[in-house]
Amino acid sequence: MKRDWLKGANSAYDVVVIGSGLAGMTAANMLAKLGHSVLLAEHHYNMGGLATWFKRKGGHILDISLHGFPSGMVKTFRKYWTKEMADSVIRLKGIRFDNPQFKLITTFDKVDFTNILQERFGIVKEVIDDFFETARNMNFYDELKMTTRELFESFFPGRKDVWRFLMEPITYANGSTLDDPALSYGIVFSNFMDKGVFTYQGGTDELIKKMKKELIKNGVDIRTHCLVEKIHIEGKNVKGVKINGKDIECRSVLSNSNILSTIHKLAGDENFSSEFIKEVKKVRLNDSSCQVYIGIKKGEKIDNVGDLLFTSVAEEYDTEKILDKQVTSRTFSFYYPEMRPGLDRFAIVSSTNARFKDWANLSEEEYKIEKEKLIKSTLDALEKYVPDIRQKADYFEAATPKTFKRYTLAPTGTSFGTKFEGLKISRDLPKQINGLYHSGSVGIIMSGWLGAANYGVIVANEVDKFMRSLKNKIQEMAPTSV
Amino acid sequence: MNREEVRQAVVDILEDIAPDEDVSSIKDDISLREQMDLDSMDFLDIVMELRKRFNIEVPESDYQELVSMASCIKYLQPLLKDRQLAS
């Protein structure tokens, strides 16, 4: 008999959170701590969304998105999770660039960037300071007139080498391009420049395990293998959800599913005004990624060649080329034994930005061949830095936009949510339907580990406000247990 | 709550959301941001705590009222005047 993953669940909750990405988990944790009954439904068997990992025979543990986050994550762990998590954050200091325009290593913070821009690129100190100041002062509610290209053009006219130095890491961090609003660059860039790049010691598996423990402690009912099929809406109010064929009542829903899936698939266009749907249709999804996972044999070692390595053989930074299936740019994340103390293992993950359409329509055979090719070309590129990688590694696997789609259910496997316009739609959802909220990767700045977790808190605040206003009105507790 | 109790309520909240900061030396007339490492998320936390502890809703348009200790007290005292400070 098929296992009932909803066994013992209540018939009603205050809030149902759809999806356990970092935004969904952080929101669920906050809402439970604020006294609401919360069901967290995850379709996959693992939690974390893109903040995930996998294990393979031979003792390999591969992290998907633990490339590095800004220092703000320490505060986020401390305030919305636990001090223990905050204390596990460590800094990555070896950020390397290698491309036809320059080769350098940096600690990726404002002081070091200022030095490099001055000494290596010959930029005047005042211009650098002014640039940092301008980026720092950008707000997500600012006008969107200026693109990143225009921002760079005004500070560093014609200096494509400087553009690449400033832009390439951010393209990997949030998928943004020169033609996106400057503020989506400025906010993320400034977050990193503040203190540098950090990671979670213990790895994604350890982090998610701790988060799960904390969620349970705070009373969140976690249900994995539970696919939310529908959000029930009557009039303009959320009434419940359908999970694995079963109806569960709730007063509010916080969807950590993709914003477009939330509207079109889960809620249904018919529940929104036609003007709103017209705006929704303008929302562009961000691109996806390919990754190659390389597990180093037990007992083998590799030299420290940096923590993050931005490589490219393209003459200049070029968005189209970065997305092209003929890969010219790769980011390598090196995981040394310090990452998971006690295990003494090494792993390397290569990430490239990619388009879904380049992978979606291949036959099974072609798809297999293309994946093999991707692994081969990645190893070829890596040999420059780790010459005997083919002897030292014994595990190779590739993920494509199709892989990302399968595990996250995000349309076209987007690994960075939506472009900027998605944020307004996400924020306006509750104006259309009482009790319907969204949190997750939208508008680039709400992406990445820090953006997603903090956006979870921002929306949890809205849900709490809404639930409290209902409780104040009714003066009685709504949920009942069976 | 009297003025001193409202101040204490705000201090308690600040201690919770910024555990590494020295809250005891805060000067009332200088903006909180100048004295502590507070960002917009921290202000959101203050708003959430006020709702949780006192069932007070601070609309977004009033967030600027929370800029300094003095302005917090001025804004919150009328809303908290009938409350007892939780022991």
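**A guided walk through chains A and B**

Guide: Welcome! Let's start where the two chains meet: nine residues of chain B and nine residues of chain A take part in the contact. Please keep in mind that this is a predicted model.

Visitor: Which element gives the most to the side of chain B that touches chain A?

Guide: That is helix α3 of chain B, residues 40-54, with seven residues. As general background, the size of an interface is often given as the accessible area lost when the parts come together.

Visitor: Now a strand. On which faces is β2 of chain A covered?

Guide: The general idea comes first: in a regular strand, side chains alternate between the two faces of the sheet. Strand β2 of chain A spans residues 38-41, and both of its faces are covered. A:Val38 and A:Leu40 are buried on one side, and A:Leu39 and A:Ala41 are buried on the other.

Visitor: Which strands are joined to β2(A) by bridges?

Guide: Among them is β1 of chain A (residues 12-18), which runs parallel to β2(A) and is joined to it by four bridges. In that pairing, A:Val15 has A:Val38 as its bridge partner. To get from β1(A) to β2(A), the chain passes through helix α1 (residues 22-33) of chain A, making a right-handed β-α-β crossover. Strand β9 of chain A (residues 221-223) also runs parallel to β2(A), with three bridges between them. There, A:Leu39 stands opposite A:Asp221.

Visitor: In what order do the strands of the seven-stranded open sheet come?

Guide: In chain A the order is β7-β6-β14-β15-β16-β13-β17, and the pairing is mixed. The edge strands, which pair on one side only, are β7 (103-106) and β17 (393-399) of chain A. Ignoring direction, neighbouring strands of the sheet are turned by 15 degrees against each other on average. For one pairing inside it, look at β14 (residues 308-312) and β15 (residues 329-335) of chain A: they run antiparallel and share five bridges. A:Leu309 has A:Phe332 in β15(A) as its bridge partner.

Visitor: How about helices? Why is α2 of chain A called largely enclosed?

Guide: Count the buried residues. Helix α2 (residues 72-80) of chain A has nine residues and seven of them are buried, so the rest of the structure largely encloses this helix. The buried ones are A:Gly72, A:Met73, A:Lys75, A:Thr76, A:Phe77, A:Lys79 and A:Tyr80.

Visitor: And what covers the buried residues of α17(A)?

Guide: The cover includes α10 (259-267), α11 (274-280) and β18 (436-438) of chain A. The residues buried in α17(A) are A:Gly422, A:Leu423, A:Ile425, A:Ser426 and A:Leu429. As for its length, α17 (residues 421-432) has 12 residues and reaches 17 Å from first C-alpha to last, close to the 16 Å expected.

Visitor: One more feature: which loop holds A:Asp344, and what is its phi?

Guide: In general, most residues other than glycine have a negative phi. A:Asp344, in the loop between β15 and β16 (347-354) of chain A, has a positive phi near 55 degrees. A:Asp344 counts as exposed because 12 other C-beta atoms lie within 10 Å, and the cut-off for exposed is 12 or fewer.

Visitor: What is the phi of B:Asn55?

Guide: The phi of B:Asn55 is positive too, near 55 degrees. B:Asn55 sits in the loop between α3 and α4 (69-80) of chain B, and is exposed, with 12 other C-beta atoms within 10 Å.

Technical notes. Residues numbered from 1 in each chain as written. Chains lettered and ligands numbered in written order. Predicted model: local features only at pLDDT ≥ 70, side-chain atom pairs only at ≥ 80, totals over all residues. Buried ≥ 20, exposed ≤ 12 C-beta atoms within 10 Å, placed from the backbone. Helix = DSSP H or I, 4+ residues; strand = E, 2+ residues; numbered from the N terminus. Pairing = 2+ DSSP bridges. Right-handed = clockwise from strand over helix to strand, strands pointing away. Expected span 1.5 Å × (residues − 1). Contact = placed C-beta atoms within 7 Å. Axes fitted to C-alpha atoms, helices over the stretch in contact; angles between N-to-C directions.
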